[in-house]
Amino acid sequence: MRSHRVAIAGLLHESNTFLPVPTRRCHFEQGSLTEGKLLLERWSGGLHELGGFLEGAKIHGFQPIPLLATFAVPSGTIESDAFEELVTTMVARLRSALPIDGLLVALHGATVAESFRDADGEIARRLRQVLGQNVPIIITLDLHANASKQMIEQTNATVMYRSNPHLDQRERGIEAATLMARTLRGEIQPVQAIEQPPLLINIAKQHTQEPPARGLYDDVQSVMEWPGILSASVAMGFYYADVAEMGASFLAVADGDSALARKAAHWMAQRAWERRDEFQGDLPSPEEAVRVAGEMAQGPTVLMDVGDNVGGGSPGDSTILMAEVLRQQVPNALVILYDPESVQTCVRAGVRQDVTLNVGAKTDRLHGQPIPIQGKVRLLSDGLFTETQVRHGGWGKYDQGVTAVVETEQLHTFVLTSLRMAPMSLEQILSLGIKPENKRSSSRKVSSLRVRPTNPLPAR
Ligand SMILES: [Zn+2]
């Protein structure tokens with residue numbers, strides 16, 4: 001018997017519709033854009049769901065037929081032309097690969113194009129149009145998907161990440177590939193159902209290893225043990241996208257039993273709804289956060305500005321927390337800001353040279369004001385780094401563009417990047433020779449540092 005031919009495709013973008021700048025084709029090229037054989041080379045062995053699809057092909061002995069796979073760093077709504085070009089190529093490759101036995105697609109679920117607010121659903125619709133109703137389509141989605149009815153109606157099964165940070169992408173890819181292989185062998189007949197209560201989960205309450213988010217995934221585990229259930233998922237939603245589907249979704253895949261899938265999705269949704277108060281945000285103000293961090297006896301303390309969530313498409317240049325650090329005179333802090341203009345000034349000045357800069361807050365008027373600083377250029381870097389551990393996003397190689405490390409007299413370290421980079425890997429600063437554990441804010445340490453301002457402790 002010939003091995004089954006399973007087409008592999010992916011289009012992943014988390015679209016922040018509040019950003020004024022649209023996402024263009026060049027942003028996908030900067031991220032990753034591969035077709036055909038290059039797709040296999042790019043993703044084989046990776047910790048990403050596409051790597052999981054290919055691993056699943058090996059485990060189950062089906063033949064992967066690579067179409068097109070692309071992703072861009074989260075950013076604004078995708079321009080109509082770019083979206084059309086990418087999806088048209090994907091669909092054309094599928095058409096020319098026929099006959100196909102099944103299709104695995106890695107989608108994000110919070111992708112918005114200017115022309116299609118439910119871009120993922122539109123992709124699924126067009127792929128289904130080519131394949132007809134009898135060829136199974138199984139998709140993976142990010143845990144931050146704003147899942148839509150269309151995504152579910154146009155596909156046979158959906159598997160979402162179950163870990164935030166996203167550490168299980170490869171496993172979910174393998175899970176989707178396994179569902180595909182079992183379907184093609186005639187062992188199962190997946191049917192799915194989705195339930196979408198008007199529920200929004202604050203981003204600070206989304207860590208799946210601790211309450212309250214953990215409870216959602218305990219429920220997913222329970223449902224997966226129900227006889228007849230093949231898979232279950234919860235999407236927390238992505239509220240930086242202003243779309244009709246925005247919010248949490250509860251999804252179950254059952255073996256041939258639609259009523260069972262509906263029952264399972266409803267059960268998970270109902271339980272989350274009953275304790276919806278737990279998912280409200282209760283974050284401190286920047287002023288309070290910096291004050292508490294400054295009083296900590298032990299360092300380092302990490303402060304996150306979740307309003308400038310680079311992983312969610314934000315500019316990555318908010319100065320709101322750092323301005324507060326300066327105002328309260330808390331010394332020895334580290335901040336990473338996207339600021340290609342200041343990087344260029346540092347490059348022109350060169351290492352060990354004094355620079356006067358206005359850093360950060362240049363993308364829009366929503367993320368504070370540029371901060372005037374004076375300091376020395378400690379290091380210039382190509383901004384490339386590698387992560388070998390499993391990390392959120394599933395990437396191994398990172399590029400934050402040409403990067404400058406500037407240190408001020410107050411021992412603040414400013415890492416200035418030319419490309420926006422979400423803080424997914426500690427290698428982002430370790431690769432610059434910075435030891436974050438040396439960043440402290442205890443007051444005793446401060447006074448000892450202050451006695452030798454002309455010879456500041458190196459940040460690396
Ligand atoms: Zn996500």
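Colleague: What counts as an aromatic pair here, and how many does the structure hold?

Modeller: Rings of Phe, Tyr and Trp (its six-membered ring) pair if their centres lie within 6.5 Å; planes under 30 degrees apart are stacked, over 60 edge-to-face, the rest tilted. The structure holds six such pairs. This is a predicted model: local features need pLDDT of at least 70, side-chain atom pairs need 80 or more, and totals for chains, interfaces and linings use all residues. Residues are numbered from 1 along each chain as its sequence is written, and side-chain values use heavy atoms, without hydrogens or water.

Colleague: Why is the pair of F385 and Y398 stacked?

Modeller: The ring centres are 4.8 Å apart and the planes are at 5°, so F385 and Y398 stack. F385 lies in strand β13 (residues 384-386) and Y398 in strand β14 (residues 397-399), 13 residues apart. Strands are DSSP runs of E, at least two residues, and helices runs of H or I, at least four, numbered from the N terminus.

Colleague: Are F385 and Y398 buried or exposed?

Modeller: Buried means under 20% relative accessible area, exposed over 50%, partly exposed in between (1.4 Å probe, protein chains only). F385 is buried at 5%. Y398 is buried at 6%.

Colleague: Which residues form an aromatic cluster?

Modeller: F238, Y239 and Y240 form one.

Colleague: Which charged ends sit over rings?

Modeller: The test is NZ of Lys or CZ of Arg within 6 Å of the ring centre and within 35 degrees of the ring normal. R42 sits over the ring of W43, 4.0 Å from its centre. K263 sits over the ring of W226, at 5.7 Å.
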